[in-house]
Amino acid sequence: MNRLRWPSLAIGGLALFLVLSSSFLHAEEYTFDVSETEKKPYHLGGYAEFRPLLSGLDRDAALHKLRFYDRNEGRTLPEYNAALQLEGGYEKGIAELFVRGHAAYQDSYLGSKFTITAYEAFLAVRPAPFLTIGAGKQTLKWGTGSAWNPVAFVDRPKNPDEPELNLEGFVVVSADYIKSFQGPLKTISVTPVLIPVFAHINDDFGESDHLNAAGKVYFLLYDTDIDFLFLSGGSRTSRYGLDFSRNITTNLEVHGEYALITDFRQSLIASDGSTRETAADVSNWLLGLRYLTEKETTYILEYYRNGTGFTEQQMRDYFTFVHNAHDAYLSSGSDVLLNKAATVTEKSYGRPNAGQNYLYLRVSQKDPFDFLYWTPAVTAIVNADDKSCSIAPEISYRGITNLELRLRGTVLAGGRLSEFGEKQHNFRLEFLARFSF
Amino acid sequence: MRTLVLVLMLLGCALPASAIDGTELLRQIDRNLNPESYETYRKLINIEPDGRKKEFTLFTIKKGRDKVASLFIAPASEQGRSTLRLGDNMWFYIPNVGKPIRITSLQSVVGGVFNNADILQLDYGTEYTVEKLEEQGTEYLLHLKARTKTVAYDRIRIWAEKDRKLPTKIECLTEAGLLIKTLYFKDVKDFGAGVVRPAVIETDSPLYKGYKSVILVAKTKARDYKDEVFTLTFMPNLESLR
């Protein structure tokens with residue numbers, strides 16, 4: 001069944017693409033009806049997307065053994081994802097109510113799964129241009145980095161493979177106070193945030209029964225964006241950070257983030273399965289640049305030091321334990337050790353980029369050879385400790401109003417016991433069609 | 001004596017052009033195009049050689065010499081995106097991505113012939129100095145040079161009507177005089193409250209052969225905003241100003 005789906009989906013997608021393209025060949029003369037600019041008190045919008053992907057499995061990899069030890073899925077694994085994101089706002093006077101919901105359907109080797117998540121739902125009041133007060137579920141999106149944001153203390157971690165995806169927020173009360181000046185200091189803005197963590201409210205943020213406080217102070221000083229940030233209150237250990245972004249020249253931007261996380265606790269697993277806890281103050285930081293050439297090639301380069309990650313040896317110990325657990329299963333039929341490995345994987349080792357030192361490079365070319373709206377790009381994420389990497393070439397097309405099409409391949413490379421070498425797949429092919437409305 | 005008369009005659013012919021201050025003329029052209037602080041709606045249309053179009057509608061506000069912000073209100077895929085310029089600083093905000101990212105005047109957030117400097121344009125007099133002024137029949141021709149390296153085009157040439165002091169054509173050039181794009185100003189309209197200006201700006205570029213871009217202008221009016229709306233922090237809230 002799965003073998004039949006791919007060709008038919010590809011033909012269907014191509015047919016849809018051609019039909020949509022041809023409908024734009026007979027364009028009308030341009031007009032500007034001012035009624036298009038009339039503002040309504042409410043707005044509705046969102047997108048629908050279809051994202052099938054095909055993974056090539058690495059049957060010798062630790063994570064393949066962990067997830068497929070009791071099943072044989074062959075050499076390739078198809079997966080079908082569909083999502084509908086709806087957002088709506090209603091404005092009355094100085095108040096605005098905003099809701100963004102995300103419904104996702106996934107059909108994979110684990111079966112079908114349907115989830116509905118409220119990404120954001122908040123009330124914002126703007127009594128003056130310099131003051132906004134908001135309450136409800138919001139994403140704050142702190143930090144200047146592209147792939148990682150060590151100072152995003154009140155956000156869920158980004159997926160570096162898809163850093164532009166919407167994220168689910170947390171229930172907070174926040175405010176923005178802005179003051180503008182003449183001279184080298186042009187702007188100051190202050191953003192205090194309260195994050196309640198109780199039963200059924202933000203219970204995945206951290207320890208319950210705490211009212212946490214966070215804040216950000218922003219300066220535009222000598223044409224440099226600078227933020228000072230903090231989080232305190234008990235649900236997570238206290239953390240302090242700063243970030244900056246500045247154009248060195250018109251086509252070269254540099255940015256960076258630094259975060260100090262106090263009393264960071266980490267659970268480590270040895271190759272024999274024994275565990276131990278560590279606690280220490282650690283720092284996460286990032287330095288990056290964005291460079292644009294005259295031919296409109298954009299380079300984004302970032303180095304990320306993840307102090308909360310695992311050393312190369314700790315990752316090797318973890319992968320060795322998974323291999324040992326699989327060997328034990330093969331010899332005894334008992335999956336007790338594999339279940340233990342699955343638990344630590346879900347808790348910490350399995351998160352994206354769990355190592356300590358990373359390089360990120362993305363090169364994209366706008367309108368190559370004057371082909372408008374086509375953007376080829378390649379993204380590489382390298383684990384600088386074990387030298388394993390993920391390389392993802394892609395091409396996207398946005399020439400049809402409200403439709404985005406993207407084809408992306410991902411190749412993982414790395415030796416045994418390395419981060420990308422031990423992923424369950426060693427290549428992935430993904431198609432995305434997203435229609436906004 | 002004959003020579004003296006000839007010299008005086010030549011000087012007499014040259015007087016009308018030299019009597020006009022190029023900087024003052026440029027200031028008048030800027031003010032005739034837009035009030036110093038204003039709001040406007042613009043539709044940007046990219047037209048491909050086969051006739052296919054892509055349209056963007058923007059709400060734009062400007063204050064003083066160096067503050068401009070634009071909000072995309074259509075199409076749906078771009079809705080909520082905004083750009084901000086504060087002097088030489090430019091940012092682009094995508095609601096999904098979060099914090100506004102720094103961009104440059106050379107980049108293009110819409111693709112095609114338009115770049116960010118076209119979307120977040122300041123007064124010509126803010127970014128350029130007048131090098132030379134010529135008279136060509138019913139038009140003036142101003143030769144302008146960028147004040148700093150951060151400006152999108154090193155040189156521009158403006159042809160402007162003598163009577164209404166409105167531009168009819170602008171050529172954007174590199175330092176070496178290579179033509180990057182040409183803007184044609186058409187369809188002069190009365191927008192009310194003293195704003196009389198071209199409502200259509202057509203653009204072509206030798207760098208994008210066969211492609212054409214059009215800017216349609218509507219509902220331009222003088223309006224003063226607080227400085228605080230031209231800040232990074234306010235970018236997600238620009239819709240509340242409409």
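Which residue stands opposite A:G56 in β2(A)? In this predicted model, local features require a pLDDT of at least 70 and side-chain atom pairs count only at pLDDT 80 or more, whereas totals for chains, interfaces and linings use all residues. Residues are numbered from 1 along each chain as its sequence is written, and chains are lettered from A and ligands numbered from 1 in the order in which they are written.

The residue opposite A:G56 is A:T76. Strands β1 (residues 42–57) and β2 (residues 76–92) of chain A are antiparallel and share 15 bridges; strands (E, at least two residues) and helices (H or I, at least four) are DSSP runs numbered from the N terminus, and two strands pair if DSSP finds at least two bridges between them. β2(A) is also joined, by 13 bridges, to the antiparallel strand β3 (residues 95–108) of chain A, where A:L97 is the bridge partner of A:Y90. Two residues lie between the strands in the hairpin of β2(A) and β3(A), and A:G93 there takes a positive phi near 60°.

The contact between the chains (C-beta atoms, placed from the backbone, within 7 Å) takes 51 residues from chain A and 50 residues from chain B. On the side of chain A that touches chain B, β6 (170–180), β7 (185–197), β8 (210–221) and β10 (239–249) each supply at least two residues. The largest share, four residues, comes from β6(A).

In chain B, B:L207 lies in the loop between β12 (195–204) and β13 (212–222). B:L207 counts as partly exposed because it has 13 C-beta neighbours inside 10 Å; with C-beta atoms placed from the backbone, 20 or more others within 10 Å make a residue buried, 12 or fewer exposed, and counts in between partly exposed.

Key
Contact = placed C-beta atoms within 7 Å.
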